[in-house]
Amino acid sequence: MAIERTFSMIKPDATKRNLTGKIVDRLESAGLRVVASKRVYMSKAQAEAFYAVHRERPFYGELTAFMSSGPTVVQVLEGEDAIAKNREVMGATNPAEAAPGTIRADFAQSIGENAVHGSDAPETAKEEIAFWFSGVEIVG
Ligand code: DAT
Ligand code: MG
(Lines give C-alpha, C1' and ligand atoms only; values in the text may rest on other atoms or scores of the structure.)
(Ligands and ions follow the chains in the order given, each with its own letter.)
Protein backbone atom coordinates (compact mmCIF):
# COMPACT_ATOMS: atom_id res chain seq x y z
CA MET A 1 0.00 0.00 0.00
CA ALA A 2 1.09 3.52 -0.65
CA ILE A 3 0.15 7.05 0.30
CA GLU A 4 -2.45 8.15 -2.27
CA ARG A 5 -4.67 11.12 -2.98
CA THR A 6 -8.33 10.87 -3.85
CA PHE A 7 -11.06 13.33 -4.72
CA SER A 8 -14.13 13.70 -2.50
CA MET A 9 -17.32 15.78 -2.64
CA ILE A 10 -19.89 16.49 0.03
CA LYS A 11 -23.00 16.79 -2.13
CA PRO A 12 -25.80 19.41 -1.98
CA ASP A 13 -28.18 17.20 0.06
CA ALA A 14 -25.54 16.95 2.81
CA THR A 15 -24.42 20.61 2.82
CA LYS A 16 -28.10 21.64 2.93
CA ARG A 17 -28.67 19.46 6.00
CA ASN A 18 -25.55 20.92 7.68
CA LEU A 19 -23.72 17.57 7.71
CA THR A 20 -20.33 18.81 6.42
CA GLY A 21 -18.56 18.56 9.79
CA LYS A 22 -19.98 15.13 10.62
CA ILE A 23 -18.88 13.79 7.23
CA VAL A 24 -15.37 15.27 7.47
CA ASP A 25 -15.11 13.72 10.95
CA ARG A 26 -15.84 10.26 9.46
CA LEU A 27 -13.13 10.79 6.82
CA GLU A 28 -10.53 12.06 9.29
CA SER A 29 -11.34 9.31 11.80
CA ALA A 30 -10.62 6.77 9.05
CA GLY A 31 -7.11 8.20 8.69
CA LEU A 32 -7.74 10.40 5.65
CA ARG A 33 -6.23 13.89 5.73
CA VAL A 34 -7.96 16.86 4.06
CA VAL A 35 -5.17 18.47 2.01
CA ALA A 36 -7.44 20.74 -0.07
CA SER A 37 -11.01 21.95 0.48
CA LYS A 38 -13.38 24.54 -0.92
CA ARG A 39 -17.09 25.18 -1.15
CA VAL A 40 -18.42 25.54 -4.70
CA TYR A 41 -21.84 26.11 -6.24
CA MET A 42 -21.30 24.33 -9.53
CA SER A 43 -23.13 25.27 -12.71
CA LYS A 44 -25.12 22.73 -14.72
CA ALA A 45 -22.34 22.86 -17.33
CA GLN A 46 -19.68 22.07 -14.70
CA ALA A 47 -21.76 19.17 -13.36
CA GLU A 48 -22.22 17.85 -16.91
CA ALA A 49 -18.48 18.07 -17.58
CA PHE A 50 -17.51 16.49 -14.25
CA TYR A 51 -19.95 13.59 -14.72
CA ALA A 52 -19.38 13.24 -18.51
CA VAL A 53 -18.55 9.55 -18.03
CA HIS A 54 -22.23 9.02 -17.14
CA ARG A 55 -23.70 11.02 -20.05
CA GLU A 56 -25.41 8.01 -21.65
CA ARG A 57 -27.01 6.89 -18.38
CA PRO A 58 -30.74 7.48 -17.81
CA PHE A 59 -30.03 9.38 -14.57
CA TYR A 60 -27.55 11.88 -16.13
CA GLY A 61 -30.07 14.76 -16.30
CA GLU A 62 -31.30 14.18 -12.75
CA LEU A 63 -27.73 13.81 -11.44
CA THR A 64 -26.40 17.00 -13.03
CA ALA A 65 -29.51 18.99 -12.02
CA PHE A 66 -29.08 17.83 -8.41
CA MET A 67 -25.34 18.53 -8.32
CA SER A 68 -25.97 22.09 -9.51
CA SER A 69 -28.88 22.67 -7.09
CA GLY A 70 -26.87 23.86 -4.09
CA PRO A 71 -23.41 24.16 -2.54
CA THR A 72 -20.94 21.28 -2.63
CA VAL A 73 -17.69 20.90 -0.68
CA VAL A 74 -14.92 19.58 -2.95
CA GLN A 75 -11.85 18.09 -1.26
CA VAL A 76 -8.62 16.23 -1.82
CA LEU A 77 -7.99 13.47 0.73
CA GLU A 78 -4.58 11.96 1.35
CA GLY A 79 -3.63 8.78 3.16
CA GLU A 80 -2.64 5.14 2.99
CA ASP A 81 -4.75 3.46 0.30
CA ALA A 82 -6.92 6.62 0.20
CA ILE A 83 -9.02 5.72 -2.85
CA ALA A 84 -10.26 2.38 -1.50
CA LYS A 85 -10.45 3.63 2.08
CA ASN A 86 -12.67 6.55 1.09
CA ARG A 87 -14.99 4.25 -0.90
CA GLU A 88 -15.21 1.97 2.15
CA VAL A 89 -16.11 4.82 4.52
CA MET A 90 -18.64 6.18 1.97
CA GLY A 91 -20.55 2.90 1.55
CA ALA A 92 -22.47 1.63 -1.48
CA THR A 93 -24.04 4.06 -4.00
CA ASN A 94 -27.55 3.07 -2.89
CA PRO A 95 -27.90 3.91 0.83
CA ALA A 96 -30.33 1.02 1.22
CA GLU A 97 -27.44 -1.30 0.34
CA ALA A 98 -24.69 0.58 2.20
CA ALA A 99 -23.03 -1.21 5.13
CA PRO A 100 -24.05 -0.03 8.62
CA GLY A 101 -21.86 2.78 9.94
CA THR A 102 -20.93 4.11 6.49
CA ILE A 103 -21.58 7.74 5.52
CA ARG A 104 -24.24 6.82 2.99
CA ALA A 105 -26.00 4.39 5.34
CA ASP A 106 -26.19 7.10 8.01
CA PHE A 107 -26.67 10.30 6.00
CA ALA A 108 -27.85 9.59 2.42
CA GLN A 109 -31.47 9.95 1.48
CA SER A 110 -31.67 8.10 -1.85
CA ILE A 111 -29.52 6.60 -4.60
CA GLY A 112 -29.44 10.00 -6.31
CA GLU A 113 -29.05 12.21 -3.24
CA ASN A 114 -26.37 10.12 -1.59
CA ALA A 115 -24.31 12.65 0.40
CA VAL A 116 -20.82 12.03 -0.96
CA HIS A 117 -18.70 11.31 -4.02
CA GLY A 118 -15.36 9.54 -4.09
CA SER A 119 -13.03 8.67 -6.94
CA ASP A 120 -13.07 5.01 -7.94
CA ALA A 121 -9.52 4.48 -9.31
CA PRO A 122 -6.09 6.16 -9.48
CA GLU A 123 -6.70 7.56 -12.99
CA THR A 124 -10.11 9.06 -12.14
CA ALA A 125 -8.72 10.44 -8.87
CA LYS A 126 -6.03 12.29 -10.81
CA GLU A 127 -8.51 13.67 -13.35
CA GLU A 128 -11.10 14.67 -10.75
CA ILE A 129 -8.53 16.45 -8.54
CA ALA A 130 -7.25 18.36 -11.60
CA PHE A 131 -10.84 19.27 -12.57
CA TRP A 132 -11.38 21.22 -9.32
CA PHE A 133 -7.95 22.16 -7.95
CA SER A 134 -4.74 23.76 -9.15
CA GLY A 135 -1.48 22.48 -7.69
CA VAL A 136 -0.97 25.40 -5.30
CA GLU A 137 -4.39 24.79 -3.69
CA ILE A 138 -3.28 21.37 -2.44
CA VAL A 139 -1.23 21.60 0.75
CA GLY A 140 -0.03 18.24 2.02
P1 DAT B 1 -20.75 6.27 -7.02
O2 DAT B 1 -21.10 7.71 -6.67
O3 DAT B 1 -20.97 5.34 -5.86
O4 DAT B 1 -19.36 6.15 -7.61
P5 DAT B 1 -21.77 5.92 -9.74
O6 DAT B 1 -20.43 6.40 -10.20
O7 DAT B 1 -22.29 4.63 -10.30
O8 DAT B 1 -21.79 5.79 -8.14
O9 DAT B 1 -22.87 7.03 -10.03
C10 DAT B 1 -22.58 8.40 -9.83
C11 DAT B 1 -23.74 9.05 -9.16
O12 DAT B 1 -24.88 9.00 -10.01
C13 DAT B 1 -24.22 8.38 -7.87
O14 DAT B 1 -23.46 8.78 -6.74
C15 DAT B 1 -25.64 8.84 -7.78
C16 DAT B 1 -26.07 8.85 -9.24
N17 DAT B 1 -26.73 7.59 -9.59
C18 DAT B 1 -26.12 6.40 -9.81
N19 DAT B 1 -27.02 5.44 -10.09
C20 DAT B 1 -28.24 6.06 -10.08
C21 DAT B 1 -29.58 5.62 -10.28
N22 DAT B 1 -29.87 4.34 -10.59
N23 DAT B 1 -30.58 6.54 -10.15
C24 DAT B 1 -30.31 7.83 -9.84
N25 DAT B 1 -29.06 8.31 -9.64
C26 DAT B 1 -28.05 7.44 -9.75
MG1 MG C 1 -18.59 6.84 -9.40
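The following dialogue examines how the labels applied to this predicted model follow from its computed values.

Modeller: Because the model is predicted, local features need pLDDT of at least 70 and side-chain atom pairs count only at pLDDT 80 or more, whereas totals for chains, interfaces and linings use all residues. Residues are numbered from 1 along each chain as its sequence is written, and side-chain values use heavy atoms, with hydrogens and water left out.

Colleague: Why is the contact of Arg5 and Glu78 called a salt bridge?

Modeller: A salt bridge requires a side-chain nitrogen of Lys or Arg within 4 Å of a carboxyl oxygen of Asp or Glu. For Arg5 and Glu78 the N to O distance is 2.8 Å, so the pair qualifies. Arg5 lies in strand β1 (residues 3–10) and Glu78 in strand β3 (residues 72–80), so the bridge ties together parts that are 73 residues apart in sequence. Helices (H or I, at least four residues) and strands (E, at least two) are DSSP runs, numbered from the N terminus. The structure holds four salt bridges.

Colleague: What makes Glu78 buried, and what makes Arg5 partly exposed?

Modeller: Buried means under 20% relative accessible area, exposed means over 50%, and partly exposed is in between, with a 1.4 Å probe and protein chains only. Glu78 has 18% and therefore counts as buried, while Arg5 has 35% and therefore counts as partly exposed.

Colleague: What is the N to O distance for Glu137 and Lys38, and why does the pair count as a salt bridge?

Modeller: The distance is 3.2 Å, and it therefore meets the criterion. The pair links distant parts of the chain, with Glu137 in the segment after α7 (122–132) and Lys38 in strand β2 (residues 33–40), 99 residues apart.

Colleague: How do you know that the buried residues of helix α4 line one face?

Modeller: The buried residues of α4 (residues 60–67) are Tyr60, Leu63, Thr64, Phe66 and Met67. Seen down the axis, they fall within an arc of 160°, so they line one face of the helix. The arc is that of the directions from the helix axis to the C-beta atoms.

Colleague: Why is the aromatic pair of Phe7 and Phe50 called tilted, and the pair of Phe50 and Phe131 edge-to-face?

Modeller: Rings of Phe, Tyr and Trp (its six-membered ring) pair if their centres lie within 6.5 Å; planes under 30 degrees apart count as stacked, over 60 as edge-to-face and the rest as tilted. Phe7 and Phe50 are 5.6 Å apart, centre to centre, with 55° between the planes, and the pair is therefore tilted. Phe50 and Phe131 are 5.5 Å apart, centre to centre, with 75° between the planes, and the pair is therefore edge-to-face. Phe7, Phe50, Tyr51, Phe131 and Trp132 form one aromatic cluster.

Methods: Chains are lettered from A and ligands numbered from 1 in the order in which they are written.
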